[in-house]
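Q: Could you walk me through this one slowly? I would like to go part by part and ask as we go.

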Amino acid sequence: MMSEMMYRAYGGNEPFILLKYGEPDEKLATEIVNRLIERQFRVCYSGMDAVDIAEAEHLATRMLSAKLIIFLISVKATESSAFRSAINFALSRKKELFCILLDDEPLTHGLELQLKRTPKVHLSAYDSEEDLCQNVVTDAPFTQNLRGEDAKVKADQNRTKKKVLLASLIALAFLIIAGIGIAGYRIHYENSLSGQIERITATEYLDLSGEDATLLDQLEGKTVRVLIARNMGLTDVEALSAVQCEELDLSQNPKINTLEPLLSNESLQIVTVSQDMYPAINRISGRHAFRIVIGE
């Protein structure tokens, strides 16, 4: 087993992978990162939770520049709010994602819904980290343009000692400026609509019209008495089956194939749709307890 990163994190501008892992999973991450880079994939990796604005902004910038973002997900990693925020940040920017589940525990914190459309593999399905890397890189989204001669830059032999020293200095600095320094992307996220929704447990009214459809995944288990979800480019309403909602406006989402998932939502009283959604309405004809209103 490789005990340390053998190569530097990629810092160039060619197409590259951003690999994000939790601090508790550094040993497994080391195995995977080294093997990806040995296959000449350009990999920028990050394991520490950002503790100052400059470091967080650098991470956010690299995430935005990455062609593909890989998350190594474990129960311990997802206990970190900073790790979960990184996932939410990537989802909100519609980045190409790939997840490697390091353990077989069910995803928590609503991540199962958030990542349901994201390609993922279980480490346990492979004989080793080597076997995993050998197999997954042969398919999308591991494209050929993510590889290059510039990927394999040897790491400083004293990197581990420097890393420990740097971590100590950062931790000390964080203690000094506690309450002032907050991760840059965390600030951005908490101020964003996605961050605001995360903090909601119950609200009378929420208008998401024209917003990204993935925001609906964050509403699982929450109470929103009146939810406006007009013109969101929705293709399905599965995420709304678990939202405590009395009035729902789905107008101007003509690509919704069916409203059947709403039949299991016992809290619904009124669902507003538009005339261009007739096929979806027709598929639940006579089976719904809620009232359907044809809006604009």
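**A buried arginine and its surroundings**

A: Let us begin with R42, which lies in the loop between α1 (26–38) and β2 (43–46). Please keep in mind throughout that this is a predicted model.

Q: Is R42 buried or exposed?

A: R42 counts as buried, because its relative accessibility is 7% and the cut-off for buried is under 20%.

Q: Which backbone oxygens lie 2.9 Å from a polar atom of its side chain?

A: One is the backbone oxygen of P15, which lies 2.9 Å from a polar atom of the R42 side chain, and the backbone oxygen of N145 also lies 2.9 Å from a polar atom of that side chain.

Q: And what else does R42 touch?

A: Leaving aside residues up to four places away in sequence, R42 touches a list of residues that includes Y10, E14, F16, I17, L146, R147 and D150.

Q: Switching to rings now, how many aromatic pairs are there?

A: The count comes to four aromatic pairs. In one of them, Y10 and F16, the ring centres are 5.8 Å apart and the planes stand at 45°, so this pair is tilted. Both Y10 and F16 are buried.

Q: What about F98 and F142, how are their rings arranged?

A: The ring centres of F98 and F142 are 5.2 Å apart and the planes stand at 80°, which is over 60 degrees, so that pair is edge-to-face.

Q: Where do those two sit in the chain?

A: F98 belongs to strand β4 (residues 97–101), while F142 is in the loop between α6 (129–136) and α7 (159–176), so the pair ties together parts that are 44 residues apart in sequence. F98 and F142 are both buried, and together with F41 they form one aromatic cluster.

Q: Going back to F16, which residue lies over its face?

A: That is R62, which lies over the face of the F16 ring at 4.1 Å from the ring centre.

Q: Last topic, the open sheet: what is the order of its five strands?

A: The order is β6-β7-β8-β9-β10, and the pairing is parallel. The edge strands are β6 (202–207) and β10 (291–294), each of which pairs on one side only. From one strand to the next, the twist averages 20°.

Q: How many bridges join β9 and β10?

A: Strand β9 (residues 270–273) pairs with β10 in the parallel sense over four bridges, and across this pairing V271 stands opposite I292 in β10.

Key: Residues are numbered from 1 along each chain as its sequence is written. This is a predicted model: local features need pLDDT of at least 70, side-chain atom pairs count only at pLDDT 80 or more; totals for chains, interfaces and linings use all residues. Side-chain values use heavy atoms; hydrogens and water are left out. Rings of Phe, Tyr and Trp (its six-membered ring) pair if their centres lie within 6.5 Å; planes under 30 degrees apart count as stacked, over 60 as edge-to-face and the rest as tilted. Buried means under 20% relative accessible area, exposed over 50%, partly exposed in between (1.4 Å probe, protein chains only). A charge sits over a ring if NZ of Lys or CZ of Arg is within 6 Å of the ring centre and within 35 degrees of the ring normal. A polar contact is a pair of N or O atoms within 3.5 Å; within protein, one must be able to donate a hydrogen and the other to accept it, and residues adjacent in sequence count only if both atoms are side-chain atoms. Contact means heavy atoms within 4.5 Å. Two strands pair if DSSP finds at least two bridges between them. Axes are lines fitted to C-alpha atoms, for helices over the stretch in contact, and angles run from 0 to 180 degrees between N-to-C directions.
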